[in-house]
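Subject: Handover of a structure and its description

Dear colleague,

Please find below the structure that I am handing over to you.

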Amino acid sequence: MIPGSGWAWLAALASGLTVWWLMPPLGLPRLRSAPERSGADALRAVAQWARALWDGRADAVRDDALRASVPAVCDLMSVCLDAGRPPRTALRVVLGVVDGPAAEALGAVQARIDLGVDEAEAWGGLTAVAGYREVGRDLARSVRSGLGLSDLLRQHAADARADRASRALVRARAAGVRSVVPLMLCFLPAFMLLGVVPLFGALVVQLLP
């Protein structure tokens, strides 16, 4: 005869088996969906990484375009200033010539001036643009003090050209260094197969009895 505690244990076991029997149909979809969710998360992470990489590359291209525009912008501004035009009028003339990221950056300055922002403050916004930090600083200072700016802009143009030439030289040297690795990967296997392996095989043949 089974004691009372034994009957209670059997009832608990039966209840557990019943719950286990009913739960798998509900639990299996969750187990099956877990790999699907992990795969989707992995794809989402890869997509985010690729987008971040693309955005970083796009920002680098935009910064290079801005730095490349500095000499032309400064030369045009200096010519307009030599003709007796104020900086805001010279800016309108330059905006009619340049395009791309430089036009966007200079157009933002013109828009702020048109909205009534202090002209020195508007020109100071260029200090946050790649390649235009010193140009924006000197333009803002000139607007406040009324000092001549034409010669200084020409100097900025010359400095920007020299900086661009040095950057191009650095990139060319870096490309030469990076090209050594593919050459080694192509040359070393051929050297091993054509030079070392036959020599090693000949030595083995001579050493064999």
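On a 1 Å grid over the protein atoms alone, a cavity is a set of points where a 1.4 Å probe fits but cannot get out, whereas a pocket is an open set with protein on both sides within 12 Å along at least five of seven lines; lining residues have an atom within 4 Å of a point. Grid points are joined across faces, edges and corners, and a volume is the space filled by probe spheres set on the points.

The model is predicted, with local features needing pLDDT of at least 70 and side-chain atom pairs counting only at pLDDT 80 or more, while totals for chains, interfaces and linings use all residues. Residues are numbered from 1 along each chain as its sequence is written, and side-chain values use heavy atoms, with hydrogens and water left out.

Overall architecture

The protein has eight helices and zero strands; both are DSSP runs numbered from the N terminus (helices: H or I, at least four residues; strands: E, at least two). Of its 209 residues, 21% count as buried, where buried means under 20% relative accessible area, exposed over 50% and partly exposed in between (1.4 Å probe, protein chains only). Among contacts (heavy atoms within 4.5 Å) with a separation of 6 or more, 47% join residues 24 or more positions apart.

The core and the cavity

A nonpolar core is a set of buried Ala, Val, Leu, Ile, Met, Phe, Trp, Tyr and Cys residues joined through side-chain atoms within 4.5 Å. The largest one has 29 residues, of which Met77, Trp123, Leu126 and Tyr132 touch the most other members. Helix α2 provides the largest share of this core, seven residues. Beyond its neighbours within four places in sequence, Leu126 is in contact with Ala105, Leu106, Val109, Tyr132, Arg133, Gly136 and Leu139.

How many cavities of 30 Å³ or more does a search of the whole structure find? The search finds one. The largest cavity holds about 30 Å³ of space, and its lining includes Met77, Trp123, Leu126 and Tyr132. By class, this lining has nine nonpolar, no polar and no charged residues. For these classes, Ala, Val, Leu, Ile, Met, Phe, Trp, Tyr, Cys and Pro count as nonpolar, Asp, Glu, Lys and Arg as charged, and the others, Gly among them, as polar.

The largest pocket

About 280 Å³ of space lies in the largest pocket. Val70, Gly131, Asp159, Ala160 and Asp163 are the closest to its centre of the 14 residues that line it. Helix α7 gives the most to this lining, with seven residues. The lining divides into four nonpolar, two polar and eight charged residues.

Individual helices and residues

In helix α3 (residues 87-95), Pro87, Ala90, Leu91 and Val94 are buried. Seen down the axis of α3, these residues fall within an arc of 105°, so they line one face of the helix; the arc is that of the directions from the helix axis to the C-beta atoms.

His156 is found in helix α7 and counts as buried, at 12% relative accessibility. Leaving out residues up to four places away in sequence, His156 touches Val70, Cys74, Glu134, Val135 and Asp138.

Ala122 lies in helix α5 and counts as buried, at 0% relative accessibility. The C-alpha atoms of Ala122 and Arg112, 10 residues apart along the chain, are separated by 6.0 Å.

Yours sincerely
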